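Please keep the sequence and the 3D view open while you go through this note.

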Number of protein chains: 2
Amino acid sequence: MSNDPLSPADPPARRRLSADERRSQILATARRLFVEEGVENVSMRRIAALAGVTPTLIYHHFADKESLLLAVCQNFFRGLIDASEAAMAAVPETEVPFGRLRRLMEGYVEFGLANPDVYRLVFMTKLAGLKREKMPSGHRPHPAEPALPEDQGFGLRAFGLLEGEIRRLIESGHLRQDDACAMAEVVWATGHGIVSLLITHGDFQWTPVDRLISLSIDTILSGIAR
Amino acid sequence: MSNDPLSPADPPARRRLSADERRSQILATARRLFVEEGVENVSMRRIAALAGVTPTLIYHHFADKESLLLAVCQNFFRGLIDASEAAMAAVPETEVPFGRLRRLMEGYVEFGLANPDVYRLVFMTKLAGLKREKMPSGHRPHPAEPALPEDQGFGLRAFGLLEGEIRRLIESGHLRQDDACAMAEVVWATGHGIVSLLITHGDFQWTPVDRLISLSIDTILSGIAR
DNA sequence: GTGATAACTTTACAGTGTTAAATTACCCGG
DNA sequence: CCGGGTAATTTAACACTGTAAAGTTATCAC
């Protein structure tokens, strides 16, 4: 009962932090709030308060709310990549041909459903204005902040894992189509379809979640198989 | 060049309108703005201004911004149902077995891509608070406003079309699974995956859209086929 | 110690969704 | 035809949002 879930993270431990420390602290606070309450229910003021800091300070570390979001997204991608690599490593190549791909898809879906809010952020939100070079004018601006490139990097790397596995299946003659990139997109679209459907329409009726997932994966795998 | 796209719809034609007329007029204005500029870039004040009306008046016809949105969604479902029925009617039953289902999926994807913003609204947005009985307290409140039930009705009806076709395929022994509802969900998830992926990540690299779509549909159809 | 500089606040603005209370314009019975 | 009653609409305000300019303070190198 002692946890009203929202109280200043570290009670006035240190007052002045290094830029990096502050940045991570703000980021952590924001991530927590975003995930717990949904992005649009969280104001910069609340993030600031919970981080024990002034709203304006956030703008010295992040260009605006969207950038803050974006930074959270990058963590998401790193997590996804880790999960994917773990999934791949868990199934030896010598296994039944589609074992690794299946595990990869399962991992993707699990990961998405385990982080629904960030998933929505990353994959279901426009987030598109792209805000290129909008940095605040006054004061010294934020350090580096690669904005898009970096996280595209992470995203592409995650996609690359999928594409690689597909390519392997093509080379061993197991697929009916030989355009690895296109097939990877098809497979991804399927995984994304499941996750995003369950995220926004999880409440309702529906076939039991586990069954729907495995049915979908079975179906798509048998659809791409030669 | 005479069209700065946003000017009062009917310049002070009639001043006082009947409740129904006003409701539709506001709805039309909102729909236009939502679709043209994205929901969160449109304020109640702007809708009101464009409709030649006061912000407050909107709240006498709709509970809040979300309800306004919801009303727009219902139109979307009606459109989807029409498109689906047209698709079904266009392919005679005597055709090749999967002809109608394929056309149905194509129709779904086309429709989604033709109305990306409303699609996002309906299928990719939480929209979940559900706001049950939140109506404003003052004044006479809005007429009826079935809130959720009605539009779930439309949504279910659309889903029913898909499920029906699947059921037909099961009965004629063309599918490898016989759970019509589950298979319909699997198929829907695929369609949704394509649409939502293209909506949020249409800009990028990707296989040409048309190819990705037909490849996906081919794949899922051959995945469910016996 | 003293300054430069990085970290942080104060204060303010313009805009948002929303509502209570007041005001109009219209219609209908006398 | 005209005076209420009521439905349609507005005025004014609240509590909030993201964001910015300018000012203040702590810390660290010398």
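**Notes on the model**

1. Start with one residue. L104(B) lies in helix 5 of chain B, residues 99-114. Helices (H or I, at least four residues) and strands (E, at least two) are DSSP runs, numbered from the N terminus. The model is predicted: local features need pLDDT of at least 70, side-chain atom pairs count only at pLDDT 80 or more, and totals for chains, interfaces and linings use all residues. Residues are numbered from 1 along each chain as its sequence is written, chains are lettered from A and ligands numbered from 1 in the order in which they are written, and side-chain values use heavy atoms, with hydrogens and water left out.

2. Is L104(B) buried or exposed? L104(B) is buried, because its relative accessible area is 8%. The cut-offs are these: buried means under 20% relative accessible area, exposed over 50%, and partly exposed in between (1.4 Å probe, protein chains only).

3. Now look at what surrounds this leucine. Leaving out residues up to four places away in sequence, L104(B) touches S84(B), A87(B), M88(B), L161(B), L162(B) and E165(B). A contact here means heavy atoms within 4.5 Å. Take M88(B) from that list. M88(B) and L104(B) are 16 residues apart in sequence, and their C-alpha atoms are 6.5 Å apart in space.

4. Move on to helix 6 of chain B, residues 116-123. Why is helix 6 of chain B largely enclosed by the rest of the structure? Because 7 of its 8 residues are buried. Those are D117(B), V118(B), Y119(B), R120(B), L121(B), V122(B) and F123(B). Within chain B they pack against helix 1 (19-37), helix 4 (65-90), helix 5 and helix 8 (180-201). They also pack against helix 8 of chain A.

5. Step back to chain A as a whole. Chain A has 9 helices and 0 strands. Along the sequence its pattern reads α-α-α-α-α-α-α-α-α. Of its 226 residues, 48% count as buried. Consider the contacts in chain A between residues at least 6 apart in sequence: 71% of them join residues at least 24 apart. The accessible surface of chain A is about 11500 Å², and 53% of that belongs to carbon and sulfur atoms. Accessible areas come from the Shrake-Rupley method with a 1.4 Å probe; for residues, only the protein chains shown count as cover.

6. Next, the interface. In chain A, 40 residues are in contact with 40 residues of chain B. The two chains bury about 3400 Å² between them, 60% of it on carbon and sulfur atoms. E185(A), L197(A) and T219(A) supply 15% of the area that chain A buries against chain B, more than any other three residues. Buried area is the accessible area (1.4 Å probe) that two parts lose on being put together, summed over both.

7. How many salt bridges does the rule find across the interface of chain A and chain B? It finds 2. A salt bridge is a side-chain nitrogen of Lys or Arg within 4 Å of a carboxyl oxygen of Asp or Glu. In one salt bridge, the side chains of D179(A) and R211(B) meet at 3.1 Å, N to O.

8. Which helices of chain A each supply at least two residues of the side that touches chain B? They are helix 6 (116-123), helix 7 (149-171), helix 8 (180-201) and helix 9 (209-224). Helix 8 of chain A gives the largest share, 14 residues. By class, this side of chain A has 19 nonpolar, 14 polar and 7 charged residues. Ala, Val, Leu, Ile, Met, Phe, Trp, Tyr, Cys and Pro count as nonpolar, Asp, Glu, Lys and Arg as charged, and the others, Gly among them, as polar.

9. Finally, salt bridges over all chains: the structure holds 18. R157(A) forms one with E85(A), the closest N and O atoms being 3.7 Å apart. R157(A) lies in helix 7 of chain A and E85(A) in helix 4 of chain A, so the pair ties together parts that are 72 residues apart in sequence. R157(A) is partly exposed at 47% relative accessibility, and E85(A) is partly exposed at 35%. In chain B, the side chains of R157(B) and E85(B) meet in a salt bridge at 3.8 Å, N to O.
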